[in-house]
Amino acid sequence: MALPRRLPLFPNPRRTLKTLKALLLDPLLRRLLLLFRSSMASADALEPNRDDDRRPWDPPFDPSEPSLPISYPIADLRALESRSYFESFHFPFNRASAPLPPSSAAAAAVAAPLPPRRRILVCHDMKGGYRDDAWVQGGSNADAYAIWHWHLMDVFVYFSHYLVTLPPPCWTNAAHTHGVKVLGTFLAEWDAGKVVCETLLATKSAARMYAERLAELASALGFDGWLINLEVNLDSQLIDNLKEFLHHLTETMHSYVPGSLVIWYDAVTKDGQLDWQDQLNGKNKPFFDLCDGIFVNYTWNEKYPEYSAAVAGERKFDVYMGIDVFGRNTFGGGQWNTNVALDLLKKEDISAAIFAPGWVYETKQEPDFQSAQNRWWGLVEQSWGILQTYPKLLPFYSNFDQGHGYYVSVEGVQVADYPWTNISCQGFQPALNYFVDPTQTSMQAFVNFKDAPYSGGGSITVKGNIQQSTLFSTRLFVAKLPLEDLPIYISYSVKSDRDSILALCLELSSETDGVMYALITNDVDSFPSLDPSKSQYYKIIQAEKMESPGITSWILYKATLRLGGYTLTGINATCILRRLNPTKPASRKSLGFGYPEGISDESFPYCASIGHISIRNSEQSMQFPQANAWVTEGQCISWAPDSNGTRNVSLKIVWKLADAYTDSFMKYNIYVEKQMANSGGNSVERTYLGVARVEAFYVSDLDVPSEVTCLRFIIQICAYDGSCQEIEKSPTFILDC
């Protein structure tokens, strides 16, 4: 984290890296390197070769003035101390709304602590931070950077080279959905950072005050703590106040946000020297003892994880050994060999901190970002396995939305057809297996953005060639959900070619009966006859087709199961071709299920998509409050003439439930209807504007033709079970023109 992002090219990279590593381990030369870095003119120099380094908050930005909501850092201690961020127009939009899953159903308000095992922390640092993700309500770059392999990590740190890096709410919303904690970063570096620390640590009361300001920000914005990264030489007289700062921040965070974390970065030693240790030892353990963990610098050698674990003792899982994905003097070389370091850390049973996985995106790895990203994270999974499972609680809903795409659909109806990005829209992400052997099958499962989805911006498509005598199954979710002795209600949507059948397969386990499978399908005849003594499926359940008026390309199915005593451990998509002659009895072949003898093993094209999965413990969908239970208001309304002779309007729309209601909702779809007067009465044009995760939405420069008499803004409430309120029953705000 301390070194420049890119090393120059040399004729012999291996020898050069080895030489540089030896040099960097020399304390004197590391100090000289620090002096060299300090001579760089500005913070922009920290991230050379970045495209478009201008940020939305650069002058003439005024945070008090209404504008499209953005996420931005706090640049100096004066702003941190004054709490001026809370007076910003943008503050209400930056509050994350997705809670972490509770530690248990009985403790719904308390987030689960980190598990007592080795963990993976992921540190963001993508092009310096605050890129497409800075636009709170989303942007237009469908190819923007995102992470969707949340099942492979425990902690996510949003990092940039600013004093106080506040995670954009989209990252917190997506991570919390999947049970991942999110940290901001407090960073002091270079000469300016030394001045910051002299003020920060001038007195114990100052140290405590700034710690409280940081804790207040995390609590107000909904994230889970801080990475503290001080990379400056400190006067030894300031160390006691530094310890007070770290201790008070940790204690205050735990008080404000139960389950929160404060992580110390391995840079400053107990004597105040900037001297990266690359391990936990006596020089940095005093700081480790005051907080929740340490992020060890990434130039360690193969013995340091063992040494660090021994020093940490019972807290060895709180030691996160750094791995730089760019490969700057990191063990194993990072990049496509990041798993080399992970394998060693797994062997030593100590935690890992993966720094800058955006390397895949920044360096444009072949063949494309989606493929390269899946392959890279697949190596992480092969090394450490899956760390997060879901569903854990009901209701459970996923539309496989990665938070970007080229369409937007709501319950089977397309509402937009333009490129977009908004990580806040991520649903539960599938744990697809991207390492299918192409010599064994041509069938591939992937997230499909090119075709109109059922909901959100994507769906899971399975495509390839398959024999009539073959089943193909692909993993969707790895779960850990105990099922009570009550029925569960499952619904899902499918779009397929004529002869392609896609079924859901639930993997279940119990202490008495072991593992069994329940297959849910709309076409029982296309699967073999059920023989509980021989079949791997204990149950084949007929799915019922649901009524879906207004939906043309997707078919909805539902089924009810009662499986008390079992734990749901997995959800798979199982694919098969439609049975050609259902009147003949099915026979079994040596591999899976077979068909009547004489049917050819020739492969045929297969293509089917699944648009969503919903699992509930109630047959009824969410009962939404009536429209008149909401109070809506327009604020900061401004009109401006357009060059075309029309007008544009900008405004902030806010809404809240009456005091008697305590419901919370996942998101809000925002539409506008432009009502126009004509000879026959009123005609209406409805347009989808976007998604809000908080009870506010900013409309910027909306074109209003002269014939429009009023604007009717519709706030469609969406629940955690995936259901959305009917448009006609949704709350509205009317703006006369």
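I looked up the contacts of threonine 185 (contact means heavy atoms within 4.5 Å) and, leaving aside its neighbours within four places in sequence, I found Val157, Tyr158, Phe159, Leu163, Val164, Thr165, Trp226 and Leu227. I note that this is a predicted model, in which local features need pLDDT of at least 70 and side-chain atom pairs count only at pLDDT 80 or more, while totals for chains, interfaces and linings use all residues. Residues are numbered from 1 along each chain as its sequence is written, and side-chain values use heavy atoms, with hydrogens and water left out.

I placed threonine 185 in strand β4 (residues 181–189), where strands are DSSP runs of E with at least two residues and helices are runs of H or I with at least four, numbered from the N terminus. Its side chain reaches the backbone oxygen of tyrosine 158 at 2.8 Å. Threonine 185 counts as buried because its relative accessibility is 0%, buried being under 20% relative accessible area with a 1.4 Å probe and protein chains only.

Next I turned to the backbone, keeping in mind that most residues other than glycine have a negative phi and most peptide bonds are trans. I found a cis bond between proline 59 and proline 60, with omega about 15 degrees, and proline 60 sits in the loop between α2 (27–38) and α3 (77–82). The bond from leucine 394 to proline 395 is also cis, with omega near 5 degrees.

Phenylalanine 400 is not a glycine, yet I read a positive phi of about 65 degrees for it.

Terms used: Buried < 20%, exposed > 50% of the residue type's maximum accessible area, 1.4 Å probe, protein only. Polar contact = N/O pair within 3.5 Å; in protein donor to acceptor, adjacent residues only side chain to side chain.
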